[in-house]
Amino acid sequence: VLWSGDGGWAAISNITTSVPVKQKALFVTAQYASMGRSYDNGNTWQSKASFFAPAMTGLQAAFVTPMILWQTVNNTQIKDSVTFVADRKYNAGETVIVKSKQINYPIPYTLTSNLDSLASIRVLDKAQSRFFLGAYEGIWMTPEPLNFSKKPAWFKIASFPGEVVLTMANSKDGNYLYVSTGSKLYRISNLINSPDSASLSVDANGYNLSVDLIKTFNSNRTITSIAVDPRFPENVIVTLGNYGNTDYVYASNNATSANPTFVNKTGSGLPTAPVYASLIEANNNNVVILGTEFGIYTCGNFNFNNLSSNVEWAYDNNGMERVPVFQLRQQTMDFGTTSYTVNDNGNVITNVFPGVTNTGVIYAATHGRGFWQCKNYVGINSQPIVNKTEKVSLSVFPNPVVSDATFRININKENNVVINIYDINGSLVYSNNYGRKSAGDHQINFNTDNLKKGTYIIQMSCGNERVSSKFIKL
C-alpha cells in the first residue's frame, strides 16, 4: 500500500531519471482532495500541506477528486525558457545540452553563433509538466509538479461558482482541458499560449484563457467520463450514468469550435446501465473502448467523420469478467532514453533519463478486481514519428522484422546522424555514429539477428533534433 484512504485518481511522471539517482514522481489522491506526491517511486511522500499553495488551504473537492498530469518533452509553443551558461568557448554549429526545469531533462540545442566562456543564452524549455486539480468551484494548475524543493506555484485557471468538478480530460497537445460539473461540460482553451512559468498569471492582462460552457445534458444525468482523441482534439466523447436509459455515449467532431455539436452514439449492444469510462485509441479513432457497470465494451467502427453512422458495441472482457470499470487510460507518450555527462571536479557523471517503453498499452481500473492491462495496440503503428516543423523522420521497414531491416530517415540539412536502439526495459542494445549525411532521404541497412525477439525503441539524433520510432523483432 503506497497511500492510505479510499483512493482515487493517480498519475506517474514519464520524465524520470535512473542514473545517478532514481527519480520517478508519483501523485495520488484519496477522498475530498487528500493528496500525496513522491519523487522516489513511493518510498517517501509529501502531503498536500507541502504541495498545495497557501491559497488552497481548506480546499474542497469531490469525494473522488479528479487530477491530470500533462507532460511533453518536445514543447514548441509554451514560451518557457532556461538559461545555458557556457563552460568554455563554443563555436556556431556546436550542439550543447541545456537542462530543463523538469528534473534537468536534457535539451539539445545547436548554437547559431559563437558563444564565449561564461556567456549565457536563453533556450526554449522543451520539457514541460502541468498538473491540474479539479475542486469545488474551480480548476487549479501548477507548472511545477516535479519541483520537490519548494511549494509549487499554483494558479486558479477557471471558476465554477456553486459547482464541483467531477471529471476532466485534456488534449494531447496540452491546449484544451475538458471539464464536467455534473451534467455540464466546459472547455478551457489556449493553455499552450500561456506565458512562461515565472510570469504566469490569470488576470485580464495575463493568462489568455477561454472558459466556455459547451454542452449541458439532462440535469438528472451525470457526465461520468470524457475522452479526447490523441490526434484530433476536436473529437471528444462523453459518457453518462444512471440506469434504464437509451443514451449513454455522445460524441463531437467539432468540440474545439465556437458552437460544438454532440451526437448520440450509444448505438446497439450496450447494457442499459452506467458507462463510467471511455477511451479513443491513439492510432485508430474508429476504435473506442468503454468501461461500464458490466465490464469492457468496444467498437471498431465509431467513424468521427460521419457521426450519424450506426455503431455496434461488443462485450470484450477476455478474462476480466463482468466487473465495473471506472477508468481507462492509454500510454500515448513515445520517446527514447537519453543521457548526458558532466565533469564534477574530475569525476565524470552520466545522467540517464529513461524513455517510454509502454507506448500503446491500455490500463483499466476496476471496482473489485484490481488493475488490468491490454497490449493489443503496442507496436501496431509502424508510421514514423515526424517532427513537422523540421521535417526530420525515422521509420523501420519491414515492421515487424525477422532478420534484415532498413532504417528510413529524412533530415532537413546536412548533419551528423547517430542511431541508438533500446530494448523494452530501456537498456541500450545498439549504438552507432553514421557520420555526416546530406539533407534528404537515406536508407541504412541493419541486421537484427543479434537482437532477441521483442519490442524495441529506435532513436535517431541529428543535430539538435531527436526522433524515435518503434519496431518488433520476430
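These notebook entries record what I looked up in a predicted model.

**Basis.** I worked with a predicted model in which local features need pLDDT of at least 70 and side-chain atom pairs count only at pLDDT 80 or more, while totals for chains, interfaces and linings use all residues. Residues are numbered from 1 along each chain as its sequence is written, and side-chain values use heavy atoms, with hydrogens and water left out.

Entry 1: I began with T406, which lies in strand β30 (residues 404-411); strands here are DSSP runs of E with at least two residues, and helices are runs of H or I with at least four, numbered from the N terminus. Is T406 buried or exposed? T406 counts as buried because its relative accessibility is 15%; buried means under 20% relative accessible area, exposed over 50%, and partly exposed in between, with a 1.4 Å probe and protein chains only. I then listed its contacts (heavy atoms within 4.5 Å). Leaving aside residues up to four places away in sequence, T406 touches S395, V396, F397, Q443, I444 and N445.

I next examined strand β29 (residues 393-397), where four of the five residues are buried. β29 pairs with β30 in the antiparallel sense over five bridges; two strands pair if DSSP finds at least two bridges between them. L394 has I409 of β30 as its bridge partner. The two strands, β29 and β30, form a hairpin with six residues between them.

**Entry 2: Nonpolar cores.** I searched for nonpolar cores, that is, sets of buried Ala, Val, Leu, Ile, Met, Phe, Trp, Tyr and Cys residues joined through side-chain atoms within 4.5 Å. The largest has 49 residues, and F132 and I139 have the most contacts inside it. Which elements give two or more residues to this core? They are β5 (67-72), β10 (128-142), β11 (155-164), β13 (177-181) and β14 (184-189). β10 supplies the largest share, seven residues. A second, separate core of 20 residues includes V396, A405, C462 and F471.

**Entry 3: The sheet of β5, β10 and β11.** I traced an open sheet of three strands in the order β5-β10-β11, with antiparallel pairing. β5 and β11 stand at the edges with a single partner strand each, so one side of each is left without a neighbour in the sheet. Direction ignored, neighbouring strands of this sheet are turned by 25° against each other on average; the axes are lines fitted to C-alpha atoms, for helices over the stretch in contact, and angles run from 0 to 180 degrees between N-to-C directions. I found six bridges between the antiparallel strands β5 and β10, and T72 stands opposite Q128 in β10.

Entry 4: Five bridges join β14 to β13 in an antiparallel arrangement, with Y178 bridged to R187 in β14. The hairpin of β13 and β14 has two residues between the strands, and in it G182 takes a positive phi near 80°. Six bridges join β14 to strand β15 (residues 210-216), also running antiparallel; I188 has V211 of β15 as its bridge partner.

Entry 5: Strand β18 (residues 249-252) and β19 pair over two bridges, and Y250 stands opposite N264 in β19.
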